[in-house]
Amino acid sequence: MSSLLSAFTLFMSLLVEAFPFLLIGVLLSSALRFLVDERTFVRWLPQNPLAGALAGSTFGFLFPACECGNVPVARRLLIQGAPTSVAIGFLLAAPTVNPIVIWATWTAFRDQPEIVVLRVVFSLTISVAMALLFSSQKDLRALLQPSIANALPQTVTGSQQHPLLQGGTYVLGGTQLQTFERMAYQTAIAAEMAIPDELNERFHLFLENTFQELRDLGTVLILGSAIAATIQVFIPREIILSLGQGPVTSIVAMMVLAAVVSICSTVDSFFALSFAGTFTSGALLAFLVYGPMIDLKAIGMMLSVFKARTIFLMFLLITQFTFLGTLFVNFHLS
Amino acid sequence: MTREHPSLEERRRLRQRRREYRRDRRRRWQWFGITLLDSFTIVAWGALLLHYWLGGDLGLLIHPAYRWLTIGAGIVLIVTGLGVLWSRLRSQTKMPEALQMTWWRQLSLGILLSVAITGYVAPLRAFTSDLAFQRSSGDFMTLARAQPQTFRVTQNPGDRAIIDWVRTLNVYPEPDAYLGDPVNVSGFAIHSPDLPVDQMMIAQFVITCCAADVYPVGLPVLLPGDRAEYPQDQWFEVSGEMVVEETSDERRLVIAATDVQPIPEPEDPYAY
């Protein structure tokens with residue numbers, strides 16, 4: 001009974017501390033969704049892969065979205081013709097490299113500022129590296145789900161052929177069908193992106209969006225906090241310590257936890273904080289860097305944009321980068 | 001024969017219309033119910049945060065520096081919940097088909113609401129020795145975090161709280177430097193198995209952000225009698241002086257207690 005009460009107090013404290021940050025994140029992302037038009041934005045994006053990767057990775061400062069909000073934004077960016085490097089950089093970095101998440105991480109790890117700094121540095125490095133790697137793929141369509149690939153504007157697909165030189169018949173040709181499909185998809189996306197002119201209607205959508213994100217992310221936060229509190233109170237200390245003190249096992253355990261728990265990046269630092277006494281710094285960092293990029297919930301959403309093969313490749317590379325980077329921290333920085 | 005056809009047809013149409021009317025009415029009620037439930041869930045969470053604040057329990061949950069964040073969030077949540085209700089009622093005609101009771105909606109609303117209600121009903125409790133054993137690195141004298149938030153060297157020894165003693169000892173650990181210093185500390189009792197039966201730990205939890213990161217610090221107390229008279233987890237005010245105890249492998253500082261008074265658990269049990 002006593003440990004049940006302790007677990008409940010721990011659980012509630014996580015929620016009470018994290019809810020304000022979740023609320024700020026949700027309010028901001030809902031406001032931006034209806035106030036900012038990304039189309040004006042895509043026009044002056046750099047085409048150079050490195051510049052694009054850097055720009056995309058720091059867009060989180062303009063669109064502070066956690067890993068649930070960033071997939072739709074990245075999808076819209078791609079369809080509007082943003083370079084691959086920008087879209088991938090944004091997709092991977094925005095959930096971590098944004099003011100709200102940095103503030104929340106700072107709140108949780110005031111006493112270990114190196115965790116805050118390294119979280120940003122690692123996330124930025126991995127995102128830029130991934131963005132550069134994927135932008136070396138000239139034909140972007142190979143990476144994307146067919147519906148998205150078809151919706152891409154011609155200029156970025158890499159098919160530089162003149163339409164008259166393309167093979168096939170002009171009567172029932174695949175090109176034409178593709179064009180129709182593309183138009184249909186672009187219309188659908190445009191409808192999704194449509195921002196109503198009327199202020200009342202805009203406010204209504206803002207509230208609905210806020211409510212929906214609060215409900216969905218709040219539920220995941222509750223489940224995550226329950227898992228953290230249960231592990232903290234009910235799992236014997238010897239087991240946690242034997243797992244959490246090994247430089248390699250601690251990182252692996254935290255990465256698996258990050259992928260499974262799927263807690264939103266705005267509040268994941270509080271979850272990690274409850275392991276601060278027992279797990280190595282590298283493991284905490286692995287959780288904070290890996291979770292926002294790869295988790296069950298995000299993979300589900302990413303499948304709506306990328307082919308499974310692409311996601312698997314991303315997963316493999318990000319896992320390696322995170323593991324090696326945080327292992328270095330465990331052996332040389334702490 | 002020819003007259004019955006229209007009347008049958010008419011009756012069928014009438015029945016159809018009545019069915020549609022009932023269905024619409026049912027849908028409207030369902031829509032209204034979902035709207036109320038949605039709005040109530042958000043308001044309940046806002047109210048829970050304010051309830052913890054007004055009931056004085058917020059001090060058990062988070063560091064006081066983040067109080068205002070929670071209070072602000074409570075107010076904004078209530079406003080948002082009422083805003084959703086107001087906005088749905090205003091645009092009633094436009095939205096009903098968007099509100100389906102899907103399994104995810106049921107599950108998420110169910111989880112949010114039941115946790116909020118449990119929050120009102122279930123008591124919160126300051127952490128006790130169980131968690132202290134779970135969290136401590138063994139001797140209660142090491143600081144889990146490197147950088148102290150406040151550190152006053154010139155403090156009068158009699159005014160030091162447990163955390164001040166532990167911080168001071170971490171900076172300058174030589175026991176003889178504190179020999180004979182007066183001690184006045186309060187905390188809860190921990191019967192550590194490593195200590196002899198006439199000694200206990202007087203301990204407090206240190207909080208940096210929220211209850212999830214608390215860790216215990218404590219000092220050993222040499223008691224006037226057996227520690228069984230001083231129940232574990234009870235809060236005590238301990239007065240005495242510092243003495244140095246020598247065991248086979250170490251020399252360490254112990255509070256030789258002259259007075260050990262039970263006190264009620266303070267409203268704000270943490271050290272910062």
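## Nonpolar surface patch

A nonpolar patch joins Val, Leu, Ile, Met, Phe, Trp or Tyr side chains within 5 Å, taken from residues with over 30% relative accessible area and no salt bridge. In this predicted model, A:Val248, A:Val252, A:Val256, A:Val260 and A:Leu296 make such a patch of about 410 Å². The largest share comes from helix α13 of chain A, residues 247–261, which gives 4 residues to the patch. One of the residues in helix α13 is A:Val260.

## Chain A as a whole

Chain A holds 17 helices and 0 strands. It has 334 residues, and 57% of them count as buried.

For contacts in chain A between residues at least 6 apart in sequence, 84% join residues at least 24 apart.

## Aromatic pairs

Over all chains, the whole structure contains 17 aromatic pairs. One of them is formed by A:Phe21 and A:Phe270, with 5.4 Å from centre to centre and 40° between the planes, a tilted arrangement. A:Phe21 belongs to helix α1 (residues 2–35) of chain A and A:Phe270 to helix α14 (residues 268–273) of chain A, so the pair ties together parts 249 residues apart in sequence. A:Phe21 counts as buried because its relative accessibility is 0%, and A:Phe270 is buried with a relative accessible area of 1%.

In chain B, the aromatic pair of B:Tyr230 and B:Phe236 is edge-to-face, with 5.6 Å between centres and 70° between planes. Both B:Tyr230 and B:Phe236 are buried. Back in chain A, one aromatic cluster is formed by A:Phe271, A:Phe275, A:Phe279 and A:Phe287.

## Arginines over rings

The charged end of B:Arg160 is placed over the ring of B:Trp165, at 4.6 Å from the ring centre. B:Arg88 lies over the face of an aromatic residue of chain A, A:Phe211, at 5.3 Å from the ring centre.

## Salt bridge between the chains

There are 11 salt bridges over all chains of the structure. One of them pairs B:Arg88 with A:Glu208, whose closest N and O atoms are 2.4 Å apart. B:Arg88 is in helix α3 (residues 67–90) of chain B and A:Glu208 in helix α11 (residues 199–234) of chain A, so this pair joins two chains.

Both partners fall under the 20% cut-off for buried residues: B:Arg88 has a relative accessible area of 1%, and A:Glu208 has a relative accessibility of 12%.

## Salt bridges within each chain

In chain A, the side chains of A:Arg215 and A:Asp216 form a salt bridge with an N to O distance of 3.2 Å. A:Arg215 and A:Asp216 are both buried.

In chain B, B:Glu9 and B:Arg12 meet through their side chains in a salt bridge of 3.3 Å, N to O. These two residues are separated by about one helical turn because they are 3 residues apart in helix α1 (residues 4–54) of chain B. B:Glu9, at 33% relative accessibility, counts as partly exposed, whereas B:Arg12, at 51%, counts as exposed. Elsewhere, salt bridges with shared partners link A:Glu208, B:Asp38, B:Arg88 and B:Arg105 into one network.

Conventions: Residues are numbered from 1 along each chain as its sequence is written. Chains are lettered from A and ligands numbered from 1 in the order in which they are written. This is a predicted model: local features need pLDDT of at least 70, side-chain atom pairs count only at pLDDT 80 or more; totals for chains, interfaces and linings use all residues. Side-chain values use heavy atoms; hydrogens and water are left out. Buried means under 20% relative accessible area, exposed over 50%, partly exposed in between (1.4 Å probe, protein chains only). Contact means heavy atoms within 4.5 Å. Patches are made of residues with over 30% relative accessible area and no salt bridge: like charges are joined within 9 Å, nonpolar side chains (Val, Leu, Ile, Met, Phe, Trp, Tyr) within 5 Å. Accessible areas come from the Shrake-Rupley method with a 1.4 Å probe; for residues, only the protein chains shown count as cover. A salt bridge is a side-chain nitrogen of Lys or Arg within 4 Å of a carboxyl oxygen of Asp or Glu. Rings of Phe, Tyr and Trp (its six-membered ring) pair if their centres lie within 6.5 Å; planes under 30 degrees apart count as stacked, over 60 as edge-to-face and the rest as tilted. A charge sits over a ring if NZ of Lys or CZ of Arg is within 6 Å of the ring centre and within 35 degrees of the ring normal.
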